Amino acid sequence: MNFQVTVLKILAAYPDGFAAMEDLKRDMAILATSGRDWADRTRRLAANAPGLDIWSQGLVERLSGGWKITIKGRAVLDLMEARPAASQAIQVAAVEVSIAASELPISPLRQPADRAKRRRERRERRREARERARANAS
């Protein structure tokens with residue numbers, strides 16, 4: 001359960017809600033080793049949503065190369081964080097009804113060609129910086 005809450009929190013932190021698996025694993029490792037505060041927080045949030053299953057309830061989508069939080073997932077996370085008492089449970093089915101009317105358009109994902117282009121540009125900038133450093137050193 002804490003794992004699922006952590007996934008929701010990490011994905012919600014990304015601007016488009018999508019995280020590549022490498023990024024997701026890195027962020028989870030950081031949070032998992034950050035101490036008791038994070039574990040206690042996710043435990044409290046999970047208590048507000050008994051029976052949480054982020055995949056079967058459609059809160060997270062698996063896309064090529066990573067996971068993306070859905071609008072419904074953001075709404076459930078907001079409700080989990082808004083509840084002060086652990087005794088008040090979130091009914092995910094009730095959230096479905098409220099979200100169906102307020103579906104927002106989903107922004108298109110960046111294409112792999114864009115990613116490859118950015119990677120090439122970064123490599124080129126690094127190469128140029130190394131050459132400048134060598135020229136300045138001699």
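Student: Which residues does N2 touch, not counting residues up to four places away in sequence?

Tutor: In this predicted model, N2 touches A39, T42, R43 and A46. A contact is counted where heavy atoms lie within 4.5 Å. The C-alpha atoms of N2 and R44 are separated by 9.1 Å, although these residues stand 42 residues apart along the chain.

Student: Where is N2 placed, and why is N2 called partly exposed?

Tutor: N2 belongs to helix 1, which covers residues 2-13. Buried requires under 20% relative accessible area and exposed requires over 50%. N2 has 27% relative accessibility and therefore counts as partly exposed.

Student: Is D27 buried or exposed, and how do you know?

Tutor: The cut-off for buried is under 20%. D27 has a relative accessibility of 16%, so D27 counts as buried. This residue is found in helix 2, residues 21-32. Leaving aside neighbours within four places in sequence, D27 is in contact with I10 and Y14.

Student: Which residues gather with R130 in a patch of positive charge on the surface?

Tutor: The patch brings R130 together with R115, K117, R119, R120, R122, R123, R125, R126 and R134. Lys and Arg count as positive, so the charge of this patch is called positive.

Methods: Residues are numbered from 1 along each chain as its sequence is written. This is a predicted model: local features need pLDDT of at least 70, side-chain atom pairs count only at pLDDT 80 or more; totals for chains, interfaces and linings use all residues. Side-chain values use heavy atoms; hydrogens and water are left out. Patches are made of residues with over 30% relative accessible area and no salt bridge: like charges are joined within 9 Å, nonpolar side chains (Val, Leu, Ile, Met, Phe, Trp, Tyr) within 5 Å. Accessible areas come from the Shrake-Rupley method with a 1.4 Å probe; for residues, only the protein chains shown count as cover. A salt bridge is a side-chain nitrogen of Lys or Arg within 4 Å of a carboxyl oxygen of Asp or Glu. The place of a charge is taken as NZ of Lys, CZ of Arg, CG of Asp or CD of Glu. Helices (H or I, at least four residues) and strands (E, at least two) are DSSP runs, numbered from the N terminus. Buried means under 20% relative accessible area, exposed over 50%, partly exposed in between (1.4 Å probe, protein chains only).
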